[in-house]
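Subject: Structure handover

Hello,

Here is the structure I promised to pass on. Please open it alongside this email and follow the notes below.

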Amino acid sequence: MPDRLIGNTEIKEFLGRIFASGRLPGALLFSGPEGVGKKQFALEIARSVLCAETETFGACGQCSVCKRAIKFVFPTSDKKDDYERIFISEHADVGQVIAFRRNILVDAIRALEREANFRPYEGKARFFIVDDADKMNVQAANALLKTLEEPPPTTHIFLITSRYNSLLATIISRCQVMRFQPIAETEIEKFLTATKEFSPEDALVAARISGGSLGRALQMNGEEFREHRMAMMEVVEARTAGRNRTALLRAAEEMGDARVKDDYEPRLEILQSLLRDVWQLKKGRAKDLLINTDLYDRLARCAENAAADDLTFFIAEIERVRENLLVNINRKIATDALFMSAAK
């Protein structure tokens with residue numbers, strides 16, 4: 001089995017058996033939490049079929065085919081027209097459909113329908129990934145149905161989603177469904193340490209915060225992780241030590257800055273983990289139950305000054321903001337409101 005894929009061993013074993021049987025389904029639906037490697041599994045399947053060096057699940061990863069199959073160029077513009085197509089990798093038989101803002105455009109799905117009917121250009125088969133498939137509206141989903149009902153024998157389509165229940169039942173019924181699980185903390189910790197960007201201590205904390213999502217853990221390197229955690233620790237201290245309004249508003253301004261938008265969600269996750277640790281200590285829980293054990297002394301001082309109900313409220317407000325990120329809220333306004341509520 002390929003060592004490049006972290007976690008979900010049962011799915012790797014199942015895919016290995018499919019390859020051995022030579023009966024790869026025409027449509028597969030990979031469902032599970034964000035950041036657990038669903039798209040990486042799909043790309044690995046494509047490479048395993050196309051790879052010139054292997055006939056099992058687990059491409060060599062070194063040949064020209066393997067390298068070209070995963071190289072994509074996606075648009076950086078905000079023009080709708082740029083997303084009304086399939087993005088083909090450097091290998092002509094591997095393509096992706098991606099969302100424009102919050103929607104997968106129907107024209108992109110129609111382009112997929114056309115491409116799916118062409119024979120392979122170079123390899124044994126063609127592979128198409130629909131990332132964030134739950135972002136298809138009814139029109140786009142219906143456009144995909146015909147292809148899923150009668151897929152050409154040399155075409156395989158992967159639907160990737162973290163919101164299984166948002167898909168039409170008619171779409172789900174036409175796919176082989178594979179349910180991915182969160183990745184074990186120990187596996188994420190081991191991977192982060194092996195990248196040499198995280199110290200063992202940082203890797204342990206990042207793995208615990210990630211909630212089983214390697215993607216989340218990889219959003220920051222070790223140095224950024226330490227900087228963000230210290231910044232969020234200061235927020236917790238400002239919140240619990242007399243509700244330092246100036247410090248809280250300064251933190252809100254920094255987080256709401258559009259220039260650092262990629263750091264927004266990781267910082268929220270770190271802040272939530274610190275507050276939960278303070279809440280645990282307030283409730284008399286043991287040190288070894290904490291996520292940020294290396295910050296025990298500072299967290300314990302915060303717990304002395306904090307009220308359990310206030311902590312519960314702040315944690316719930318952070319969770320509400322994180323859920324609302326799915327609908328493209330204005331981050332600056334949401335952050336200002338969150339920290340103002342903390343300062344009251």
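**Pocket and cavity**

The second largest pocket has 13 residues in its lining, and those nearest its centre are Phe19, Gly22, Leu24, Val49 and Lys124. Helix H1 (9-21) and helix H2 (38-50) are the elements that give two or more residues to this lining. Keep in mind that this is a predicted model. The volume of the second largest pocket is about 220 Å³. Its lining divides into 6 nonpolar, 4 polar and 3 charged residues.

Rolling a probe the size of a water molecule over the atoms shows where empty space is left. How many cavities of 30 Å³ or more are there? The count is 1. The largest cavity has a volume of about 70 Å³. Its lining is made up of Phe198, Ala206, Ile209, Ser210, Arg216, Ala217, Met220, Phe225, Pro266, Glu269 and Ile270. By type, that lining holds 8 nonpolar, 1 polar and 2 charged residues.

Which element gives the most to the lining of the largest cavity? H12 does, with 3 residues. Helix H8 (200-209), helix H9 (214-217) and H12 each supply at least two.

**Around the cavity**

Take Glu269 next. It is found in helix H12 (residues 264-282). Is Glu269 buried or exposed? Its relative accessible area is 9%, under the 20% cut-off, so Glu269 counts as buried. Leaving aside neighbours within four places in sequence, Glu269 is in contact with Ile209, Arg216 and Arg322.

Now look at H8. Its buried residues are Asp202, Ala203, Val205, Ala206, Ala207 and Ile209. An α-helix has 3.6 residues a turn, so residues three or four places apart point the same way. What covers the buried residues of H8? The cover includes helix H7 (185-194), H9, helix H10 (222-240) and H12. Just after H8 comes Gly211, with a positive phi of about 65°.

**Helix H14**

Ile315 is found in helix H14 (residues 308-324). With a relative accessible area of 12%, Ile315 is buried. Which residues does Ile315 touch, not counting those up to four places away in sequence? They are Gln272, Leu275, Arg276 and Trp279. Ile315 and Ser273 are 42 residues apart in sequence. In space, their C-alpha atoms are 8.9 Å apart.

**Aromatic rings**

A pair of aromatic rings is described by the distance of the centres and the angle of the planes. The structure holds 10 aromatic pairs. One of them joins Phe72 and Phe74. Their ring centres are 5.6 Å apart and their planes are at 5°, so this pair is stacked. Phe72 is buried, at 16% relative accessible area. Phe74 is partly exposed, at 31%.

Compare that with Tyr83 and Phe87, which form an edge-to-face pair. Here the distance is 6.4 Å centre to centre, with 75° between the planes. Why does Tyr83 count as buried? Its relative accessibility is 10%, and buried means under 20%, so Tyr83 qualifies. Phe87 is buried too, at 2%.

There is also an aromatic cluster. Phe30, Phe41, Phe127, Phe158 and Phe180 form it. Finally, find Tyr164. Arg179 lies over the face of its ring, at 4.2 Å from the ring centre.

**Two positive phi values**

Most residues other than glycine have a negative phi, and most peptide bonds are trans. Arg101 has a positive phi, near 55°. Where is Arg101 found? It is in the loop between strand E3 (94-97) and helix H4 (106-116). At 52% relative accessibility, Arg101 counts as exposed.

Asp132 is not a glycine either, but its phi is positive at about 55°. Asp132 sits in the loop between strand E4 (126-130) and helix H5 (138-149). It is partly exposed, with a relative accessible area of 28%.

Best wishes

Terms used:
Residues numbered from 1 in each chain as written. Predicted model: local features only at pLDDT ≥ 70, side-chain atom pairs only at ≥ 80, totals over all residues. Heavy atoms only, no water. 1 Å grid on protein atoms, 1.4 Å probe; cavity = no way out; pocket = protein on both sides within 12 Å on 5 of 7 lines; lining within 4 Å. Points joined across faces, edges and corners; volume = space filled by probe spheres on them. Helix = DSSP H or I, 4+ residues; strand = E, 2+ residues; numbered from the N terminus. Nonpolar A, V, L, I, M, F, W, Y, C, P; charged D, E, K, R; others polar. Buried < 20%, exposed > 50% of the residue type's maximum accessible area, 1.4 Å probe, protein only. Contact = heavy atoms within 4.5 Å. Phe/Tyr/Trp six-rings, centres within 6.5 Å; stacked < 30°, edge-to-face > 60°. Lys NZ or Arg CZ within 6 Å of the ring centre and 35° of its normal.
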